[in-house]
Amino acid sequence: MSISSSSSFFPLHTLNEDFSVEIQDESRDLEHSQFKIRYRSNSVVSGTSESSLNFDTLPTIKVIGTGGTIASKGSSAHQTAGYEVDLTIEDLIKSIPDISTTCLLEYEQLLNIDSKEFGTKELIQLYSKIMSELPKYDGFVITHGTDTMEETAFFLQLTINTYKPIVMCGSMRPSTAISSDGPMNLYQACVIAASRESRGRGVMVALNDRIGSGYYITKSNANSLDTFKSIGQGYVGNFVDNEIHYYFPPAKPLGMTYFNLRLPLADNDLPSVPILYAHQGFNNKIIDVTVKELEAKGLVIATMGAGSLADETNQYLSDLVESMEIPFPIIYTKRSMDGRVPLGSIPKVRTEDHTSLSTFESAIPGGYLNPQKARILLQLCLYEDYNMQEIKKVFKGV
Ligand SMILES: NC(=O)C[C@H](N)C(=O)O
């Protein structure tokens, strides 16, 4: 028997003349290394010098249905708004061509809702389902509404540390519309999840022939099929004529923090972190009301540029934090879809004795993250009881 490897990790050993064992490393992540073993017969059979005993099987992909437009029906072929979630995951699977030569599909209806109804409870439900079935499947496809798909993708990316592909898909047109995009998106997502090339790439979003990183991607257009974008970071690949093309080797976002959820969550929820949207003539009183009424443990502000808020608003926030007994992180994000809020944008505010100006210590730049993703990241930091310095460190990487 001999052992060989597809990478340089494993040396070749001969143990027996009749069998060789090929060990292929599936993941080089040292903490979570994975590999596959193939047996090969070296014995001479019917005049052939080598016969392969190939125990390879097709990947098994789990498709989890959660609803969205992809599972919706309208009352006419031209209706593309105001429709209802009406189809099951079984209906959706029936709408795609047979892919039994690519992978084995199993499916389950976990939820069947518009993605506007998603909250922490639904995120945890989806997280728990994937975590409990992670050892059983080679990849996952999640059908989901597009409105909040980026939030679910971001949450799963931060909480599930796996080399197995998790591919999210949905559609912009309901199933009943002319040229509905659902079946093609679902088909492509299944093929992507079944591909070896998709491993080690984290959570991905597959729509309209494009493959994006769930960490960076955002919905850019409320109506059009080509809606998911991450302008600064780009797509990770695309899908053309039944071929997947990745532009880069497997990678996950730099500076990303993983969080280990321990369930059930205290109060069955993550800490309260509201988002406020800044604008000309912003009334600071909304800050007070929001923080008090929602028992906020932190705040995300969609600032007007790369961290810009009126001087009065910065001072108002600083005075509010001074009056609180607990540290209160405030993430400065941007209204603009692209670009980042850098450290240099963090404002100076008057000191408690009002004699000089100093850096507003509770204000943290949100980097490239949009408000909705920054909210999830801050919720996870607060869930972990990170102090202000630790939270700043987490956000330094984004
Ligand atoms: N295109 C869609 O899926 C939008 C839908 N309202 C949803 O997010 O569930």
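These are my notebook entries on a predicted model.

**Entry: the sheet**

I started with the strand order. I found an open sheet of 8 strands, ordered S8-S5-S9-S10-S11-S12-S15-S16, with mixed pairing. I then looked at the edges. Strand S8 (104-113) and strand S16 (243-246) stand there, each with a single partner strand, so one side of each has no neighbour in the sheet.

Next I took one pair. Strand S12 (residues 210-213) and strand S15 (residues 237-240) run antiparallel and are joined by 2 bridges. In this pair I see arginine 210 opposite asparagine 238 of S15.

**Entry: helices on the sheet**

I checked what packs on the sheet. Helix H2 (residues 120-133) does, and it touches strand S5 (60-67), S8, strand S9 (139-143) and strand S10 (166-169). The direction of H2 makes about 160° with that of S8. Helix H3 (residues 149-159) packs there too, touching S10 and strand S11 (203-207). For H3 and S11 I get about 155° between directions.

**Entry: the annotated site**

I looked up the record. UniProt, in an unreviewed entry, places the feature "binding site" at Ser115, Thr146 and Asp147. I asked how they lie in space. They are spread over 33 residues of sequence but cluster, with a largest C-alpha distance of 7.0 Å.

I located serine 115 in the loop between S8 and H2. Is serine 115 buried or exposed? It has 22 other C-beta atoms within 10 Å, so serine 115 counts as buried. Beyond four places in sequence, the contacts of serine 115 include Gly68, His144, Thr146 and Asp147.

Threonine 146 sits in the loop between S9 and H3. I count threonine 146 as buried because 23 other C-beta atoms lie within 10 Å. Leaving out residues up to four places away in sequence, threonine 146 touches Gly68, Thr69, Ser115, Gly170, Met172, Lys219 and Thr227. I note that Gly68 is on the contact lists of serine 115 and threonine 146.

**Entry: a loop leucine**

I turned to leucine 254, in the loop between S16 and strand S17 (275-277). Leucine 254 has 7 C-beta neighbours inside 10 Å, so I class leucine 254 as exposed. Its C-alpha atom is 29 Å from that of leucine 186, 68 residues apart along the chain.

**Entry: H5 and H6**

Last, I took a helix pair. Helix H5 (residues 285-293) and helix H6 (residues 311-322) pack at about 35°, axes 10 Å apart. Their crossing is right-handed. Ile287, Asp288 and Val291 of H5 meet Tyr316, Leu317 and Leu320 of H6. I class this contact as 5 nonpolar, no polar and 1 charged residues.

Definitions and conventions. Residues numbered from 1 in each chain as written. Predicted model: local features only at pLDDT ≥ 70, side-chain atom pairs only at ≥ 80, totals over all residues. Axes fitted to C-alpha atoms, helices over the stretch in contact; angles between N-to-C directions. Helix = DSSP H or I, 4+ residues; strand = E, 2+ residues; numbered from the N terminus. Left-handed = near helix turned anticlockwise from the far one by under 90°. Contact = placed C-beta atoms within 7 Å. Nonpolar A, V, L, I, M, F, W, Y, C, P; charged D, E, K, R; others polar. Pairing = 2+ DSSP bridges. Buried ≥ 20, exposed ≤ 12 C-beta atoms within 10 Å, placed from the backbone. UniProt positions renumbered as here; feature names shortened; annotations may be inferred.
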